[in-house]
Amino acid sequence: MWTIRRFEEGVEELFSYDLLHGTMHLSIGQEAVAEGVCGALADGDMITSTHRGHGHALAHGADPELMFAELLMKDTGYCRGRGGSMHIADVKNGNLGANGIVAGSMTIASGAALTQVMRATGKIVACFFGDGAANEGSFHEAINLAAVWDLPVLFVCENNQYGMSMSQDRSTAGGSVAGRATAYGIPGVEVDGNDVREVHDATADLAERARNGAGPAILEAVTYRYRGHSQSDRDLYRTQEEIEEWRSSKDPLARYEGWLKESATLSDEAIESAREQAQDAIRLAVQGALTAPDANIGDLEGAAYA
Amino acid sequence: MPEHTTYAEAVNAALRLLLSEDDRVFLAGEDIGVYGGAFGVTDGLVGEFGEDRVRDTPISEDAIAGLAVGAAMTGMRPVVEIQFSDFVVNAMDAIVNQAAKLHFMYGGQVEVPMVIRAPGGGGTGAAAQHSQSLEAWFAHVPGLKVVMPATVQDAHDLLLASVLDPNPVIHLEHKLLYKTEGPFEPRAKIADTPARIGEAAILREGSDLTIAAYSIMAIRALEAAETVSDFGIEAEVIDMRTVKPLDMATVRSSVKRTGRLLVAHEAPAPVGVGAEIVAGVVESDALDYLLAPVRRVCGVDVPMPYARDLERNAIPQTENVVEAARELMKS
């Protein structure tokens, strides 16, 4: 989780130096959802991701240097500079890609899950989507199809409580995304998305169920993004008090470290060392990416086709 | 002697071959199982290959196209059906923002080898929401290929070629062609298909003018060419076969021989594929060979009407091509 946070703080810093092109969407504060879900998946399981997908990619095994290279418009980046922050895929590691269209990856996840059934691979697909995506038509079509065909896909609603500015209270009838599972006859489980252990355990249960042929489920992990929707956000739709309350009392990293100490799982020194390791890895990744060759203009013509 | 069959049966035979030979291929769509599809094109396939490989879907066009993307990315070769091409509007995100983009946007990490089959075109009395010719929409999107077979043999061969292609292919079949009959040689293996995406066919040679058309208008152009031949006009008829990519080399070469160009398609003219064909000629040295202004014969720029006479007049007919060809020879 520290790797994700330090990565995104690194992205902010690079942005402030004007080294990036375009905007980016940070998931600082939401790290426990990515880590809790991906940490509970088995080797070979796949994910689909969202426009706010840095954490998903890293938690699923992406190399931060290749992610920085992508953001820094380098030929060595995951997408050779063609995708950017919003579209990082790491297919070799089972990340079928971040998606700039809200709910855009949901039907794709059902399709990838169909492959697992037809090929009898025993693998599952975890489909990350935001609370805003729950009001897209694709949400319904993807989940209904997965449910009628018992596809091994876990729909993970990373509920950070806001679309760009519109709160879930104002946007979502019924108030609960997990609650909508009832309509599809599948399990819907809501967890504290800032408690990585709770996210992990719920994912493990629902993933096992899907793997055994019992079909899809919705996992709703309630969390909070500390940063704005993107770089243009002035936070006019929420209060500083609300943001500060989440940061000071519900931070997923502080909570997990607290548990590690209380349960005597890790010593203070070991925790400090883990933080430093994350910091060092990110520093090295940035350095490596900065010196990589730029995206290649000469490759553009014809590149739309395989 | 090759046997005769219908366009729909030729598609069906291609699907059967694909399912038999390649276990990565599966079909999905609305009512394609026991019902056999709205036009009977998938008749009998579910009985032969089972519900795992011939999948009836809910009425969810977005999910049909999206599942094809996800399955194609992970190693399958989905051939999905959109029951009427008009319904692709409900699947446009999956087609335009996903299928077309992912290979490029993810830096070549994935291929999306999927085929969307969809019946298009008018003439059935189904009016505005079941009769459109939307090929220009797809042709305008980088990353998609668009195939529109006119003949029975091409309905078979081009579908095989579409599945062999590593890119998303929109395979538009004209509803009025489904029952047309023609010579047919079924391929024994998928790779036996001689059709190549991006390769036009000269259906009839002629020295006086070039008619470039596709789908049902290639058939009407051929009929028109026989008619004008009685008036001493020999038209060369080119069936474009695919509208993305366009085989402009064949059109340019023909125009250099004939000096006149007529383009025909059922879709309305504005910003249509015909404009692209014309541009591809006038941007080249074939321009110097033109003896007369180019002409387009296209659908009227209105939603497809219902009443028989209204519909017939909204769609270019053989006589409209005849008339345009004769006028073109006068100029």
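Colleague: Is the crossing of helix 5 of chain A and helix 6 of chain A left-handed or right-handed?

Modeller: In this predicted model, the two helices cross in a left-handed manner.

Colleague: Which residues make that contact?

Modeller: Helix 5 of chain A contributes Met106(A), Thr107(A), Ala109(A), Ser110(A) and Ala113(A). From helix 6 of chain A come Ser138(A), Phe139(A), Glu141(A), Ala142(A), Leu145(A) and Ala146(A). By class, seven residues of this contact are nonpolar, three are polar and one is charged.

Colleague: And at what angle do they pack?

Modeller: The angle between helix 5 (residues 106–118) and helix 6 (residues 137–148) of chain A is about 15°, and their axes are 8 Å apart. Angles under 35 degrees count as roughly parallel, so these two helices of chain A are roughly parallel to each other.

Colleague: Turning to the two chains, how many residues of chain B are in contact with chain A?

Modeller: There are 35 residues of chain B in contact with 32 residues of chain A.

Colleague: Which helix of chain B supplies the largest share of that side?

Modeller: Helix 3 of chain B does, with nine residues. Helix 3 (61–73), helix 4 (92–99) and helix 5 (102–105) of chain B each supply at least two. The side of chain B that touches chain A has 17 nonpolar, 14 polar and four charged residues.

Colleague: What about the largest nonpolar core: which residues touch the most other members?

Modeller: The core has 195 residues, and those touching the most other members are Cys127(A), Val153(A), Leu154(A), Ile211(B), Ala221(B) and Ala325(B).

Colleague: What does Ala325(B) touch?

Modeller: Leaving aside residues up to four places away in sequence, Ala325(B) touches several residues, including Leu209(B), Ile211(B), Val228(B) and Leu262(B).

Conventions
Residues are numbered from 1 along each chain as its sequence is written. Chains are lettered from A and ligands numbered from 1 in the order in which they are written. This is a predicted model: local features need pLDDT of at least 70, side-chain atom pairs count only at pLDDT 80 or more; totals for chains, interfaces and linings use all residues. Axes are lines fitted to C-alpha atoms, for helices over the stretch in contact, and angles run from 0 to 180 degrees between N-to-C directions. Helices (H or I, at least four residues) and strands (E, at least two) are DSSP runs, numbered from the N terminus. Angles under 35 degrees count as roughly parallel, over 145 as roughly antiparallel, 65 to 115 as roughly perpendicular and the rest as oblique. A crossing is left-handed if the near helix is turned anticlockwise from the far one by less than a right angle, and right-handed if clockwise. Two residues are in contact if their C-beta atoms, placed from the backbone, lie within 7 Å. Ala, Val, Leu, Ile, Met, Phe, Trp, Tyr, Cys and Pro count as nonpolar, Asp, Glu, Lys and Arg as charged, and the others, Gly among them, as polar. A nonpolar core is a set of buried Ala, Val, Leu, Ile, Met, Phe, Trp, Tyr and Cys residues joined through C-beta atoms within 7 Å. A residue is buried if 20 or more other C-beta atoms lie within 10 Å of its own, exposed if 12 or fewer, and partly exposed in between; C-beta atoms are placed from the backbone.
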